[in-house]
Amino acid sequence: MALLARLRQPYQLATAAGGCFALAGLSDSQRDAQYISPNMAAALFLFSAVQLRVGWRNSQKWLLATNTCNAAVQAYNLRRHWKAKSQWTVSDRDAPPADSDGRARVRVVVLGSGWGAMSFLRSLSPSLAQGDAPFDVTLVSPRNYFLYTPLLAATASGSVEARSVVDPVRSHITDKGNYYEAECTDIDPERKVVTCRYPKAYRGAEGEKERVFQLSYDMLVVAVGSVVNTFGVPGVQENAFFLKTAEHARTLRQRVNEAFELASLPGTTAAERKKLLSFVVVGGGPTGVELAAELHDLVSDDMLRYFPKLSNDWAIRLVDTHDHILSMFDRQIATYATQQFRRNGIDLVLNCRVKAVEPDAVVVQLNGADVPSRVEYGTCIWTTGIAMHPLVQSLISKLPEAREHWKSLRCNPTLAVHGSGGTIYALGDAATVEQARVLQHAEELFKAGDSNSDGLLSCVEVMAVLKKAQKTYPQIAEFAHRMQCGPDAVDNMAQFMNQVLRAKSKVSYDNVIATADWISSDDDEESAAGDDGGQTDSTPAAGSMLTLQQFSQQLAAIDNSLRSLPATAQVAHQQGEYLARLFQNHVGRTPDSSRIGVPSDAPSFHYVHLGSLAYIGADKAVMELPYKNTPVSAFKGWLMGFAWKGAETFMQTSVKNMYLVSRDLMKTKVFGRDVSDV
Ligand SMILES: Cc1cc2nc3c(=O)[nH]c(=O)nc-3n(C[C@H](O)[C@H](O)[C@H](O)COP(=O)(O)OP(=O)(O)OC[C@H]3O[C@@H](n4cnc5c(N)ncnc54)[C@H](O)[C@@H]3O)c2cc1C
């Protein structure tokens, strides 16, 4: 009997398995058809087919019953899957790939190959995007390389070669996903599909239908950057050069070489020579300043060596609205850079607004002048400001909740675009991150902190509550960090908070601004901090205890110190790293594979400003560290020039690029720049 029972066991096991598989299949049949794994369903169907044969031969009723059910359920699931598949997007990867557990992988489509996108891709661990890992990553960009923009001005002057500052996407994507060299032309947030078109060269002949393809996504990362802003100034688009892409830098480099060659021809008149060799840079922000500095180095170090007869004919002019250049830097640095430019012979046309860019002159209105003046040029380069990318514009028209800032998508603190239901994320210039306001939760925090329920917060209580809340509200981290309680520490918390506010570092980089006023002014930072040497302009706390009203006033002041983040590589890079971490740690399908998302308590993005560096020519640079009003806040001169070259070399994305940049900088110093027209 015992032997018989043992012989019967395999039937019982197979009977039980058939029943379990049938139940699992039933639960699968409730899910979205695209998440059914066809391989798993087919394998389970085959298993039951074999068991049916065994059960028939051995007259095992229960084995026959459970496996008939399982075979029917799996056949039904397979049919649903194949039927639905035929309706999915026209794409080369219709079906969501499945991991080894049969769960569909999260399809992540990344748009762009710049600072934000590549930082995201590089930070993503290969183990999460390879084989049957949770993510199926596809990157789409018309540019198959990453461009190190901080050295673009040096590329335009020939100090560094263009190939040294680009890094192919393919060298980073191989172990992480797919790359398509194409341009995304449309995002459909409803269907979760992006439409992309072939690169220019393969779009087909004139009049032929454009070649496009579509990709479905579960999560979309928009990192398409921004475009040049002409601020509607007439003639800019037609007559000016720009400096945003590698092509711009190459064109500019050729233009400078050409201008000197043409000026040296025997038939060129003196007036023509002066015009040809007159270079006007519009914009006194870091990009304009670095470009003017590089042009000056090129002319003084190399061109005049090759064209000594032209030494009195060239001019470099820089036009800006402020009374000094680099106005977003510390005043001491801005003054130094302005003096340095004047000493180097760069003409500064300051305190003026550009009215128009005519084919041979920039028309400027000087502050206080009645009539506009003309600044004649042979080459005009427009380096002021950025505008919204057309793709971002079209996405905003479909997601009105994402509109707030006129140059980018409104995102929550985890970088999710408003109105996208947590399926679209934005990085870099394409994103404006809304920072969580702590004031709205003042009462809640006050109650949580008031441990002895006396209606007042002591220093120790404030410190505890700030420390607890700093993860959600990064703007209070500095206060929490600096706060000390003890006999001689804080005796007036309102005063203490105001002091920290005053010392909070200034964060702003961007290229500014002949006609723009889109960058938030830092002048109001002072007013946010109060102007009474540390006393708040609201009611100061009388002593070491804060009432709810006083606590709220301090939180309001902290919120007021929030600035929208500057459009810089530093921000885009940190956002890319953050998003990769967020995806790795928090994104995934729910256990039943039905939903994807970031949990609401996921940590927010917190930007850490590491400082700003700008090259100002003749081997000198300026550096501003984020310790405002301290002896280590501003550095300038030769040593900084050396530091700038070192930083730009070591911040390259690969060892190969580090080698190439250092080689180019060395070669330029020893042999000079290559001025051939190739
Ligand atoms: C000359 C110059 C110098 C600068 N120097 C500094 C500096 O020293 N320090 C600093 O912090 N910042 C600097 N910046 C600013 C910095 O480069 C930008 O803030 C940063 O590049 C923004 O990163 P991003 O990823 O948003 O966009 P980008 O780096 O511009 O990348 C956008 C990507 O999207 C791709 N793309 C465009 N359209 C589409 C589409 N339709 N579909 C798919 N992909 C698309 C592009 O090909 C590109 O790969 C400089 C900028 C310039 C122009």
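This is a predicted model: local features need pLDDT of at least 70, side-chain atom pairs count only at pLDDT 80 or more; totals for chains, interfaces and linings use all residues.
1. The shell around the ligand is made up of 14 nonpolar, 12 polar and four charged residues. For this count, Ala, Val, Leu, Ile, Met, Phe, Trp, Tyr, Cys and Pro are nonpolar, Asp, Glu, Lys and Arg are charged, and the others, Gly among them, are polar. Of the 30 residues around the ligand, those that come nearest are Ser113, Gly116, Thr149, His389 and Asp429.

2. Residues are numbered from 1 along each chain as its sequence is written, and side-chain values use heavy atoms, with hydrogens and water left out.

3. Which secondary-structure elements each supply at least two residues of the shell around the ligand? They are helix 4 (115–123), strand 2 (135–141), strand 6 (183–188) and helix 19 (569–586). Helix 19 gives the most, with three residues. Helices (H or I, at least four residues) and strands (E, at least two) are DSSP runs, numbered from the N terminus.

4. Why does the ligand lie between domain 2 and domain 3? Both domains give residues to the shell around the ligand, so the ligand lies between them. Domain 2 takes in 91–142 + 182–229 + 385–435 + 566–606, and domain 3 takes in 236–384 + 610–671. These bounds come from an automatic or database domain assignment.

5. An oxygen atom of the ligand is 2.8 Å from an N or O atom in the side chain of serine 113. The protein covers 90% of the 1000 Å² of accessible area that the ligand has on its own. Accessible areas come from the Shrake-Rupley method with a 1.4 Å probe; for residues, only the protein chains shown count as cover.

6. Is aspartate 313 buried or exposed? At 12% relative accessibility, aspartate 313 counts as buried; the cut-offs are under 20% relative accessible area for buried, over 50% for exposed, and partly exposed in between (1.4 Å probe, protein chains only). Aspartate 313 sits in the loop between helix 10 (286–306) and strand 13 (315–319). Its side chain makes a polar contact of 3.2 Å with the side chain of arginine 273. A polar contact is a pair of N or O atoms within 3.5 Å; within protein, one must be able to donate a hydrogen and the other to accept it, and residues adjacent in sequence count only if both atoms are side-chain atoms.

7. Strand 13 also holds isoleucine 316, which is buried, with a relative accessible area of 0%. Isoleucine 316 and tyrosine 377 are 61 residues apart in sequence, and their C-alpha atoms are 9.2 Å apart in space.

8. Threonine 384 is in the loop between strand 18 (379–382) and strand 19 (386–388). This threonine is buried, with a relative accessible area of 1%, and a polar contact of 3.3 Å joins its side chain to that of tryptophan 382.

9. Leucine 151 is found in the loop between strand 3 (145–147) and helix 5 (152–157), and at 1% relative accessibility it counts as buried. How many residues separate leucine 151 and threonine 649 in sequence? They are 498 residues apart, yet 9.6 Å apart in space, C-alpha to C-alpha.

10. Threonine 251, in helix 8 (residues 246–263), is partly exposed, with a relative accessible area of 38%.

11. Please check two serines with positive phi. Serine 59 has phi near 50°, a positive value in a residue other than glycine. Serine 59 lies in the loop between helix 2 (38–57) and helix 3 (61–85) and is exposed, with a relative accessible area of 61%. Phi of serine 453 is also near 50°; serine 453 is in the loop between helix 13 (442–449) and helix 14 (459–469), and at 63% relative accessibility it counts as exposed.

Note on methods: A residue is near a molecule or strand if one of its heavy atoms lies within 4 Å of it.
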